[in-house]
Protein chains: 2
Amino acid sequence: MNDMNGLRGCLSGSIVKLGISARDIIYNTGFYGHPREDCLELTLVESAYLLYKKRITIKQDEKYLDFNDLICEASRMTDNFEVKYIVYKDLRERGYIIKQSVTDFRVYPRGGRPGSTPSEFLVHTLSERWPIHLSDLIQQIETAANMRKDLVMAVVDEESDITFYSARLRSMKGKMKEKLLCSDIRAMLLEDRVIVWDKDALAKLHNEFFYGKPLDEFHLHLSLIEAAYLQEIEIIDIIDISEKEAKKILTSCEFARYAVTVEPDFPIKLAVYKELRNSGMIVKTGYKFGSHYRVYMNVDKQKGMKHSEFLVHAVESDHIFNLSQLSRAVRLAHSVKKQMVFAWMAGNGINYLQISRMKM
Amino acid sequence: MNDMNGLRGCLSGSIVKLGISARDIIYNTGFYGHPREDCLELTLVESAYLLYKKRITIKQDEKYLDFNDLICEASRMTDNFEVKYIVYKDLRERGYIIKQSVTDFRVYPRGGRPGSTPSEFLVHTLSERWPIHLSDLIQQIETAANMRKDLVMAVVDEESDITFYSARLRSMKGKMKEKLLCSDIRAMLLEDRVIVWDKDALAKLHNEFFYGKPLDEFHLHLSLIEAAYLQEIEIIDIIDISEKEAKKILTSCEFARYAVTVEPDFPIKLAVYKELRNSGMIVKTGYKFGSHYRVYMNVDKQKGMKHSEFLVHAVESDHIFNLSQLSRAVRLAHSVKKQMVFAWMAGNGINYLQISRMKM
């Protein structure tokens, strides 16, 4: 057993220390651990993996630990050890070199090696069941960005299967440039939609700028959001018809006060809609896809609306993601060849977070 | 204009009355309205549609109403008139004969006619934005069932597009019959999962009965739900390893008390899991599809788990559906060729509601 000396480790605190010879055998062949002057230090996750691979043995207080003992020890010492181990093992078995980092792990490109190759991305591990605060996720993304890396979320489900998502902040910019040149179009508020009764206005608003949906050749239905936007840029007047004798033009405050009773998330939805429209994009309802909006970068007026590139869902800045719902949203977006983007108010603007599934 | 007399209607309350001659011209050609001894009575929705089609004129207090006037009047008198009108017009233009009913409309099969053909289904109209209580939906389904009809939900989105869903209560019955014949398998509770460390138990539980997911050839990960079920049928003992010196076997109460801190919806999820398993189905996590479970009617032990037929999501009996989320769930289920089923506790059992998109 003399030649195996170097591969016998000692658990001390949350570190396993291996003799100096392990630096050659363990570090140089797979970049496990952190080489010190007189030893090689392994994290608990690395130790568990190498123990499982039977490449090392581990003693604690003169007693050998088997894999099960180590997992139990590590779970007592480290929050969510099991979830981290599942992700570590998966990535190692896919041939990635993976090291500890502030977000959990950093991953090197296949064929790359620490020291000579920069790492490819940072991984943050999550369990399907944990609620995740938007602000925490942003912080992780920014931590990665400060190191010029992208963040990958590794979500472990009940069955210990892993789904990888890339999460990144992005800007949204479309190619629609023209300005609507009309005003004083009369529109009637009817419960939860607004109707324009004017053939010429319909042609202008819908055929040229893709607002609303024609009910027939004379009637254009606008959503409350579209109506609020067109009212704000002074294209339409919204008329309240609920009192027969006293039809009145609503101010934007009055309209917003009404709209929020129909749609509680009207303010944030409107803020996101305005920003997207002002950035040259065509924005339509995403109801059929379970999101607030589907968004077109560019629409050819001759060909009409074909394929929208994004689903955008507006959330509050203190939003908490349920990972199961997030999975559903991203998966659905991909099944219709769109990118899933979440939008929220930050300072005076809107921030956008794109979450995409990744094949590893 | 004498020959048009019968087609001149009078709005009186929420009914438009046409002269006796309209019975031949309007009723017999499209089954609009309700024939009385001395007149034909139209609902507001029917009147608006016929006015739009220019088949009738309507007077109120000696003044002719144009389409816009009628829509405004009707919206004042009827809740959600606009949503109902959108659905009515759509179905009429698809060639269906459609009449008023308790749920909103009843629809006759193409080519069928009231009086000689039974109606095909009942339609309930909804706006995308309305929250819908599970109990209200069940009531509508039961109303339809009492008339031996299926219920169809017509959901009108912001853009006045309609998505049709069939909603029906169903039973769930699988074909897996065998009983697990083992006991006293030791399993360790590790944070949010349970691990069985035993090669033989792994073979039995996973390979034969599809419990858990093998981490490697010696370790089987069970979800908290699977562990609770296997504990209840006395196959496994769950051991708490959080105290090194005092490993103890948890009672099912202790385990449930812990599990609910990890998964707040643990009780309803477990109740649904038990019922599905006891009904001969294989139940695995549906995380990747944004639902609690994916469910297999039958699994061939040689071929392993291939295609699950259902996504099942457990909800509380006072659940309120957000139609946008419902749309996402159903659409995603269809995109992976599964049926979307919601499950909840009712009395001593579990009820199942299947919601599917319908092409009209």
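**Figure 1. Helices α7(A) and α9(A) meet in a right-handed crossing.** In this predicted model, helix α7 (residues 224–232) of chain A packs against helix α9 (residues 266–278) of chain A at an angle of about 60°, with the two axes 10 Å apart. That angle makes α7(A) oblique to α9(A). On the side of α7(A), the residues in the contact are Leu224(A), Ile225(A), Glu226(A), Ala228(A), Tyr229(A) and Glu232(A). Their counterparts in α9(A) are Phe266(A), Lys269(A), Leu270(A), Tyr273(A), Lys274(A), Arg277(A) and Asn278(A).

**Figure 2. Helix α7 of chain B is mostly covered.** Eight of the nine residues in this helix (residues 224–232) are buried. The buried residues are Leu224(B), Ile225(B), Glu226(B), Ala227(B), Ala228(B), Tyr229(B), Leu230(B) and Gln231(B). After α7(B) comes Glu234(B), which has a positive phi, near 65°.

**Figure 3. Helices α2(B) and α4(B) pass one another in a right-handed crossing.** The axes of helix α2 (residues 44–52) of chain B and helix α4 (residues 81–93) of chain B come within 10 Å and cross at roughly 60°. At this angle, α2(B) is oblique to α4(B). From α2(B), the contact involves Leu44(B), Val45(B), Glu46(B), Ala48(B), Tyr49(B) and Tyr52(B). From α4(B), Phe81(B), Lys84(B), Tyr85(B), Tyr88(B), Lys89(B), Arg92(B) and Glu93(B) take part.

**Figure 4. Six strands of chain B form an open sheet with mixed pairing.** The strand order is β3-β4-β2-β1-β5-β6. Strands β3 (34–35) and β6 (63–65) of chain B stand at the edges; each has a single partner strand, so one side of each is left without a neighbour in the sheet. Strand β1 (residues 8–12) of chain B runs parallel to strand β5 (residues 57–60) of chain B, and three bridges join them. Within this pair, Gly9(B) lies opposite Ile58(B) of β5(B). Helix α1 (residues 22–30) of chain B packs on the sheet, where it touches β2 (15–18), β3 and β4 (40–42) of chain B, and its direction makes about 50° with that of β4(B). Helix α3 (residues 67–77) of chain B also packs on the sheet. The strands touched by α3(B) are β1, β5 and β6 of chain B, and the helix direction makes about 85° with that of β6(B).

**Figure 5. An open sheet of 10 strands in chain B has mixed pairing.** Its strands follow the order β7-β8-β9-β11-β12-β24-β23-β21-β20-β19. At the edges stand β7 (98–100) and β19 (282–286) of chain B, each with a single partner strand, so one side of each is left without a neighbour in the sheet. From one strand to the next, the twist averages 30°. Strand β12 (residues 162–170) of chain B pairs with strand β24 (residues 349–358) of chain B in the antiparallel sense over seven bridges. The bridge partner of Arg170(B) is Tyr352(B) in β24(B). Helix α4(B) packs on this sheet, touching β7, β8 (105–107), β9 (121–127), β11 (150–156) and β12 of chain B. The direction of α4(B) makes about 135° with that of β9(B).

**Figure 6. Strands β7(A) and β8(A) form a hairpin.** Two residues lie between the strands. Strand β7 (residues 98–101) of chain A and strand β8 (residues 104–107) of chain A run antiparallel and are joined by four bridges. Gln100(A) stands opposite Phe105(A) in β8(A).

**Figure 7. Ile15(A) is partly exposed, whereas Thr29(A) is exposed.** Ile15(A) belongs to strand β2 (residues 15–18) of chain A and has a relative accessibility of 28%. Residues up to four places away in sequence aside, Ile15(A) touches Cys10(A), Glu41(A) and Leu42(A). The C-alpha atoms of Ile15(A) and Leu40(A) are separated by 9.9 Å, with the two residues 25 apart along the chain. Thr29(A) is located in helix α1 (residues 22–30) of chain A, and its relative accessible area is 55%. Apart from neighbours within four places in sequence, Thr29(A) is in contact with Asp24(A) and Arg55(A).

**Figure 8. Chains A and B are related as by a two-fold rotation axis.** A rotation of 180°, with 0.0 Å of shift along its axis, superposes chain A on chain B with an RMSD of 0.1 Å. The two copies are thus related as by a two-fold rotation axis. In chain A, the C-alpha nearest the axis belongs to Leu332(A), 2.8 Å from it. Of the interface residues of chain A, 100% are also interface residues in chain B, so the copies meet through the same surface.

How values were computed: Residues are numbered from 1 along each chain as its sequence is written. Chains are lettered from A and ligands numbered from 1 in the order in which they are written. This is a predicted model: local features need pLDDT of at least 70, side-chain atom pairs count only at pLDDT 80 or more; totals for chains, interfaces and linings use all residues. Side-chain values use heavy atoms; hydrogens and water are left out. Buried means under 20% relative accessible area, exposed over 50%, partly exposed in between (1.4 Å probe, protein chains only). Copies are superposed by least squares on the C-alpha atoms of residues with pLDDT of at least 70 in both. Contact means heavy atoms within 4.5 Å. Two strands pair if DSSP finds at least two bridges between them. Axes are lines fitted to C-alpha atoms, for helices over the stretch in contact, and angles run from 0 to 180 degrees between N-to-C directions. Angles under 35 degrees count as roughly parallel, over 145 as roughly antiparallel, 65 to 115 as roughly perpendicular and the rest as oblique. A crossing is left-handed if the near helix is turned anticlockwise from the far one by less than a right angle, and right-handed if clockwise.
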